[in-house]
Amino acid sequence: MATPYTYLPDRAVLALTGPDTIALLERLVTHSTANWTPGENRYGALLTPQGKIIADYLALRTALGVLLDVASNALADLHKRLTLFRLRADVTLTPRDDLFVIAGTDPADHGPRPISGTAHVLVDPRYLGGRLRAFATQDEWQGWHGGHPAESTRPLPDYHADRIANAVGEWGSDFAAAQVFPADINMDKMTGVDLQKGCFVGQEVVSRMHRRGNIRRRTVALTSTGSGSGTGSGIDLTPGTPIQAETPIGEITSVEGPRALARIRIDRLARADSNALTVNGAPVQLHIPDWLAAEMAALSADG
């Protein structure tokens with residue numbers, strides 16, 4: 001019987017150990033490392049000096065250091081850049097090829113709890129209510145559940161349907177290295193950016209965007225609500241397809257079933273009729289959270 005978790009084949013784990021690990025991260029990454037005790041996790045990213053995301057990750061503090069849950073295709077670049085920034089800091093970086101990642105799709109309001117067959121459990125803060133996430137080795141997992149995790153967990157589309165419904169963008173699906181600012185994927189609304197901490201790479205750009213109200217792009221969930229012209233049987237939601245008002249306001253970035261994620265220009269959406277948006281000629285609905293509605297209202301007030 002499958003567990004209520006999904007094996008994530010496109011995620012990998014990078015371990016940082018050594019007495020200078022926290023000090024290194026504090027001066028480099030977007031999240032705060034203050035009052036970070038073993039067992040607690042943070043969401044963050046390493047940015048370019050121009051303020052764009054090289055790689056985002058979930059970071060778990062352990063007794064030995066920090067484990068970073070990162071897109072597998074971003075791991076090598078993140079490893080290389082952190083090594084270059086390390087200089088004389090006493091930090092060892094090790095790809096943990098022995099660990100794989102699983103994720104749940106149910107709310108985790110009560111915090112992390114043990115998951116049989118896993119070594120480390122955290123709560124993903126990008127979701128309202130959180131989601132459990134864990135690292136395990138093949139031997140540990142097989143001892144409890146038998147077989148490869150891909151055979152004993154829920155199907156991968158279940159995970160993507162949940163993250164898309166919750167407007168959680170993912171490296172490799174919704175953006176790539178040096179393509180988006182943190183606000184473009186709502187990191188600042190998901191505890192991923194601490195604008196009150198000391199300097200980090202790219203902070204000047206990110207802070208200026210917030211201070212001056214220059215945020216123009218956000219990630220939102222989208223649902224198809226009708227049939228496209230010429231299709232007769234539904235709408236073809238495809239990554240890269242534009243979302244149309246009188247002018248394009250954004251484009252789809254990832255899809256699962258009738259739902260999709262879209263990166264939109266909120267200044268254009270603020271001027272558009274939100275009830276008249278289409279993709280391939282078919283009506284779609286954007287799911288706008290209250291905080292984004294407030295941002296759009298402020299843009300409209302500023303003209």
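A contact is taken here as heavy atoms within 4.5 Å. On that basis, 65% of the contacts in the chain with a separation of 6 or more are between residues 24 or more positions apart. The model is predicted, so local features need pLDDT of at least 70 and side-chain atom pairs count only at pLDDT 80 or more, while totals for chains, interfaces and linings use all residues. Residues are numbered from 1 along each chain as its sequence is written, and side-chain values use heavy atoms, with hydrogens and water left out.

**Overall form**

The chain holds eight helices and 15 strands. Its radius of gyration is 20 Å, close to the 19 Å that the globule rule gives for 303 residues, so the chain is as compact as a globular protein of that length. The radius is taken over C-alpha atoms, and the rule is 2.2 Å times the number of residues to the power 0.38. Helices (H or I, at least four residues) and strands (E, at least two) are DSSP runs, numbered from the N terminus. Along the principal axes, the C-alpha atoms fill a box of roughly 55 × 50 × 35 Å.

Of the 303 residues in the chain, 49% are buried. Buried means under 20% relative accessible area, exposed over 50%, and partly exposed in between (1.4 Å probe, protein chains only). The accessible surface of the chain comes to about 13,800 Å², and 50% of this surface belongs to carbon and sulfur atoms. These areas come from the Shrake-Rupley method with a 1.4 Å probe; for residues, only the protein chains shown count as cover.

**Charges and salt bridges**

The chain carries 29 positive and 33 negative charges, whose mean positions are 7 Å apart. Lys and Arg count as positive and Asp and Glu as negative, whereas His and the chain ends are not counted. Each charge is placed at NZ of Lys, CZ of Arg, CG of Asp or CD of Glu.

A search of the whole structure finds 16 salt bridges. The criterion is a side-chain nitrogen of Lys or Arg within 4 Å of a carboxyl oxygen of Asp or Glu.

| Pair | N to O distance |
|---|---|
| D77 and R81 | 3.0 Å |
| R163 and D174 | 3.0 Å |
| R208 and E204 | 3.8 Å |

D77 and R81 both belong to helix 2 (residues 72-86), where they are four residues apart, about one turn of the helix. D77 is partly exposed at 26% relative accessibility, and R81 is partly exposed at 32%.

The salt bridge between R163 and D174 joins two elements. R163 lies in helix 5 (residues 156-165) and D174 in the loop between helix 5 and helix 6 (203-212), so the pair ties together parts that are eleven residues apart in sequence. R163 is buried at 2% relative accessible area, and D174 is buried at 4%.

**Helix 6**

R208 and E204 both lie in helix 6, four residues apart, about one turn of the helix. An α-helix has 3.6 residues a turn, so residues three or four places apart point the same way. R208 is partly exposed at 27% relative accessibility, whereas E204 is exposed at 63%. Q203, V205, V206, S207 and M209 of this helix are buried. The buried residues of helix 6 pack against strand 3 (41-47). After helix 6 comes G213, with a positive phi near 70 degrees.
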